[in-house]
Amino acid sequence: MTSQPVAPDSSDRDTVAGRSALALRGLAKRFGDKIAVNGIDLDVPVGSFYGLVGPNGAGKTTTLSMATGLLRPENGQAWVHGVDVWQNPLKAKKLMGILPDGVRLFDRLTGEQLVTYAGLLRGMDREEVTSRVGDLLRALDLTNDAGTLVVDYSAGMTKKIALASALIHAPRLLVLDEPFESVDPVSAANIRDILSSYVASGGTVIVSSHVMDLVQRMCDHVAVIAAGTVLAAGTVDAVRGEASLEDRFVELVGGRNTAEGLAWLRTL
Ligand SMILES: Nc1ncnc2c1ncn2[C@@H]1O[C@H](COP(=O)(O)OP(=O)(O)OP(=O)(O)O)[C@@H](O)[C@H]1O
């Protein structure tokens with residue numbers, strides 16, 4: 001590991017971590033010789049719509065997995081609303097709804113059964129679960145497919161049913177890894193509306209995405225991650241300055257390649 005994460009002192013924990021929906025300090029992870037996440041600090045304010053952007057392999061999924069209790073960090077700490085995710089996982093997980101990347105669902109259940117199961121697992125009573133499942137399936141345009149096995153869902157439908165499962169217990173923090181991937185434009189607009197009103201009513205959303213335009217329009221905060229470190233973080237306006245978020249991203253991350261080496265690909 002090239003940099004040692006700084007352990008947060010108690011005053012930090014009591015102030016920043018307590019005020020943030022998600023606070024990360026010195027989060028780090030290696031896979032063999034590969035440093036995937038290299039000591040990340042991040043503060044996601046309560047009530048923010050926070051975008052996490054970065055090139056392929058930047059460490060976004062690894063960071064979010066460690067932040068949400070899915071992957072044990074090698075170093076560092078994560079707090080959700082002041083609750084230490086790794087010291088107090090049950091309490092922290094109650095506060096979160098998670099849409100992991102490449103999620104493995106119980107896909108031999110129907111969509112309706114899957115979301116119902118998610119609610120019951122969260123300890124909700126069946127009547128409330130049933131009513132919320134109906135609302136969620138309607139909002140995500142899945143009512144007609146409620147009785148279809150999830151294994152027979154398209155990629156976009158699978159994404160939406162996983163999102164419904166993450167929302168059923170009305171978490172305070174939603175962590176969504178690539179929520180719009182494979183989702184059609186109408187469903188994406190519906191999801192954006194759901195997320196925006198969730199944020200307007202006090203919830204916090206963190207989304208990772210490769211679509212800069214979407215992040216610029218939808219999010220109020222953004223962090224740019226590359227090679228396992230945070231290159232810039234803050235309000236979208238502060239990070240992008242006068243430029244578009246996409247231009248700023250390319251400027252920060254670099255790495256634009258010309259197609260000069262691909263002369264053989266030219267057909268004219
Ligand atoms: N289970 C694993 N075993 C080995 N290496 C891994 C593992 N998971 C991630 N990595 C490596 O860690 C680095 C960060 O991966 P990660 O999936 O976090 O990136 P990402 O920013 O989410 O990428 P993308 O935008 O392509 O989804 C990559 O170099 C990846 O190859």
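Predicted model: local features only at pLDDT ≥ 70, side-chain atom pairs only at ≥ 80, totals over all residues.
Local features were taken only at pLDDT of at least 70 and side-chain atom pairs only at pLDDT 80 or more, while totals for chains, interfaces and linings use all residues. Residues are numbered from 1 along each chain as its sequence is written.

The shell around the ligand consists of F31, K34, A36, G54, N56, G57, A58, G59, K60, T61 and T62. A residue belongs here if its C-beta atom, placed from the backbone, lies within 6 Å of the molecule. Three of the shell residues are nonpolar, six are polar and two are charged. In this scheme Ala, Val, Leu, Ile, Met, Phe, Trp, Tyr, Cys and Pro are nonpolar, Asp, Glu, Lys and Arg are charged, and the others, Gly among them, are polar. Strand 2 (34-45) and helix 2 (60-67) each supply at least two shell residues. Helix 2 gives the most, with three. Helices (H or I, at least four residues) and strands (E, at least two) are DSSP runs, numbered from the N terminus.

Helix 2 is mostly covered, with eight of its eight residues buried. Buried means that 20 or more other C-beta atoms lie within 10 Å of the residue's own; 12 or fewer means exposed, and values in between mean partly exposed, with C-beta atoms placed from the backbone. The buried residues of helix 2 are K60, T61, T62, T63, L64, S65, M66 and A67.

The largest nonpolar core holds 70 residues. Such a core is a set of buried Ala, Val, Leu, Ile, Met, Phe, Trp, Tyr and Cys residues joined through C-beta atoms within 7 Å. L22, I161, A164, V175 and I206 touch the most other members. Helix 6 (residues 155-167) provides the largest share of this core, seven residues. Leaving aside neighbours within four places in sequence, L22 is in contact (C-beta atoms, placed from the backbone, within 7 Å) with V44, A67, V80, L173 and I206.

Strand 9 (residues 221-226) has six of its six residues buried. H221, A223 and I225 lie on one side, and V222, V224 and A226 on the other. Strand 9 pairs with strand 3 (residues 49-53) in the parallel sense over four bridges; pairing requires at least two DSSP bridges. V53 stands opposite V224. Strand 9 also pairs with strand 10 (residues 229-235), in the antiparallel sense over six bridges. A233 in strand 10 is the bridge partner of A223. Strands 9 and 10 form a hairpin with two residues between them. In the turn, A227 has a positive phi of about 50°.

Technical notes:
Contact = placed C-beta atoms within 7 Å.
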